[in-house]
Amino acid sequence: MGKVIVVTSGKGGVGKTTSSAALGAALAKGGDKVVVVDFDVGLRNLDLVMGAERRVVYDLVNVIQGEAKLTQALIRDKRVETLYLLPASQTRDKDNLTAEGVEKVIGALKSVFDWVICDSPAGIERGATLAMRHADVAIVVTNPEVSSVRDSDRIIGLLDSKTLRAENGEHMEKHLLLTRYDPVRAERGDMLKVDDVLEILSIPLLGIIPESMDVLRASNLGSPVTLADDRSAPSIAYFEAARRLQGENLPIMIPGEKRGFFGKIFGRKAA
Amino acid sequence: MTAVLTKPRPIRLKGRSYLALTLTPELPLEDWLIRLDELAALSAGFFLRRPVVLDIEGLELDRAELRDLVGKLSGRGVRIMGIEGARASMLGSDLPPAMSGGRSAADVEPPAAEVAPESVVRSEPAPGKPTPSIIVTQPVRSGQSLFFPEGDVTVVGSVASGAEVVAGGSIHVYGTLRGRALAGTMGNASARIFCSRLEAELLAIDGFYKTAEDMEPELRGKAVQIWLEGETFKVGSIA
């Protein structure tokens, strides 16, 4: 049985889709079978970021409504053969997502894939709650600024109450992925510090993704940043986050902090 | 009027909890209404003058259907005081207000024992046996409301911005208090608020409140206790 991960944030534009694609590609590159599912019905983006927008025939809503088989809707990535995409519908309304339908699709995917990554829409409405509903693990994507942190806090509360795991009284594993971290602005005090965010959200840190033009450039090329250039700083950070997801215990480096402060660097407990 | 203008008295905000019956309709609604009628037939005045909350969580009702359901219920003498589990957009001024944060109490005895269990009325906020205090070991997240009118609340963790803790007694936060803390809401002026770090958006004791703007800036970030002396807030360090 594979693991179901929801990538969520509450706030829009913090990097959920970018992170879903980048982590999915990083896991798949290591040989794991990965499917990334776009839950943003009506405003889909994942197909663009994965460079599959011209190959979409059927989508999640078609599968849920019984108009297509799951195998017909899955799109295999052209670069990494263990990476698949299940696109969202752009034309349908998100009311077409039903709880039973989503459960069936996730159940079927989880029996075939090692990782089912659900890219949640922004907000706390139906699409977002259905995306998190069946998750085993949640990745909370947060930017180091107050509104994003508060929205993430709200989402963590929902993860602890509205998911199947929470309702069954089980522990919901949650990780913080801090994205768009800008060392220069953090130094100037224009952004929240890593420690402040961790103190407010009090969930383990999965990784810190530095703000970088590489991310935007890769998205515009239709490639997850981990496939576009695996040597760029955000790419390395995503690869490390993926290894932590697989259970490896890697120390986390705060971008911009000088090496040598070993206590500071290695004293931080990874996710 | 002039007296009011010359001597402004703060408006007091108080919370109070009541025992309300909760009706949880099931689809199809027609069948459920028939079962409700059967239940009501056993005791004519069962729902009369009782506060009833309608819980429609999980039911896929649109606004018109909901209004229709509330209408049908009021036709049966069931007056709905609030609706739980509905999207805010569904409830206009013509429908009862949204309710949330209810806690289950013991089941209310239906008029007769041999009624099918699915039509039994479930009850919500409850006095029950008075419990003097609760301890919460998780952070209170934004959007969450911790409501404990019976007594003291202790939070081992932080209270986030946009979260609120409402207690009948005192509130203790072993962490940062960023959200709202409303102590002594059941009319207890001797309740206090304690926190290891004060960053609160709003503090209230026994209906008197203070917003972040009115708080002395030098108290921010400090470990403090807050209590009421007459109608003024007093703050002391507990570090």
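**A close look at chain A**

Modeller: In chain A, 74% of the contacts with a separation of 6 or more join residues 24 or more positions apart, a contact being heavy atoms within 4.5 Å. This is a predicted model, in which local features need pLDDT of at least 70 and side-chain atom pairs count only at pLDDT 80 or more, while totals for chains, interfaces and linings use all residues. Residues are numbered from 1 along each chain as its sequence is written, chains are lettered from A and ligands numbered from 1 in the order in which they are written, and side-chain values use heavy atoms, leaving out hydrogens and water.

Chain A contains 14 helices and eight strands; these are DSSP runs numbered from the N terminus, with at least four residues (H or I) for a helix and at least two (E) for a strand. Of its 271 residues, 55% are buried. Buried means under 20% relative accessible area, exposed means over 50%, and partly exposed lies in between, for a 1.4 Å probe and protein chains only. The accessible surface of chain A is about 12000 Å², and carbon and sulfur atoms hold 49% of it. Such areas come from the Shrake-Rupley method with a 1.4 Å probe, and for residues only the protein chains shown count as cover.

The second largest pocket has a volume of about 600 Å³. Among its 28 lining residues, A:Gly13, A:Val14, A:Gly15, A:Thr18 and A:Arg180 are the closest to its centre. On a 1 Å grid over the protein atoms alone, a pocket is an open set of points with protein on both sides within 12 Å along at least five of seven lines, and lining residues have an atom within 4 Å of a point. Grid points are joined across faces, edges and corners, and the volume is the space filled by probe spheres set on them.

Which elements of chain A each supply at least two residues of this lining? They are helix H1 (16-29), helix H2 (46-49), strand S7 (173-181), strand S8 (205-210) and helix H11 (213-220). H11(A) gives the most, with five residues. By type, the lining has eleven nonpolar, twelve polar and five charged residues. Here Ala, Val, Leu, Ile, Met, Phe, Trp, Tyr, Cys and Pro count as nonpolar, Asp, Glu, Lys and Arg as charged, and the others, Gly among them, as polar.

A:Arg180 counts as partly exposed because its relative accessibility is 39%. A:Ser202 also has a positive phi, about 40°, although it is not a glycine. This serine sits in the loop between helix H10 (194-201) and S8 of chain A. With 41% relative accessibility, A:Ser202 is therefore partly exposed.

Finally, chain A meets chain B through 13 residues of chain A and 17 residues of chain B. About 1000 Å² is buried between the two chains, 35% of it from carbon and sulfur atoms. On the chain A side, A:Arg150, A:Asp153 and A:Glu199 lose the most area to chain B, together 43% of what that side buries. Buried area is the accessible area (1.4 Å probe) that two parts lose on being put together, summed over both.

Methods:
On a 1 Å grid over the protein atoms alone, a cavity is a set of points where a 1.4 Å probe fits but cannot get out, and a pocket is an open set with protein on both sides within 12 Å along at least five of seven lines; lining residues have an atom within 4 Å of a point.
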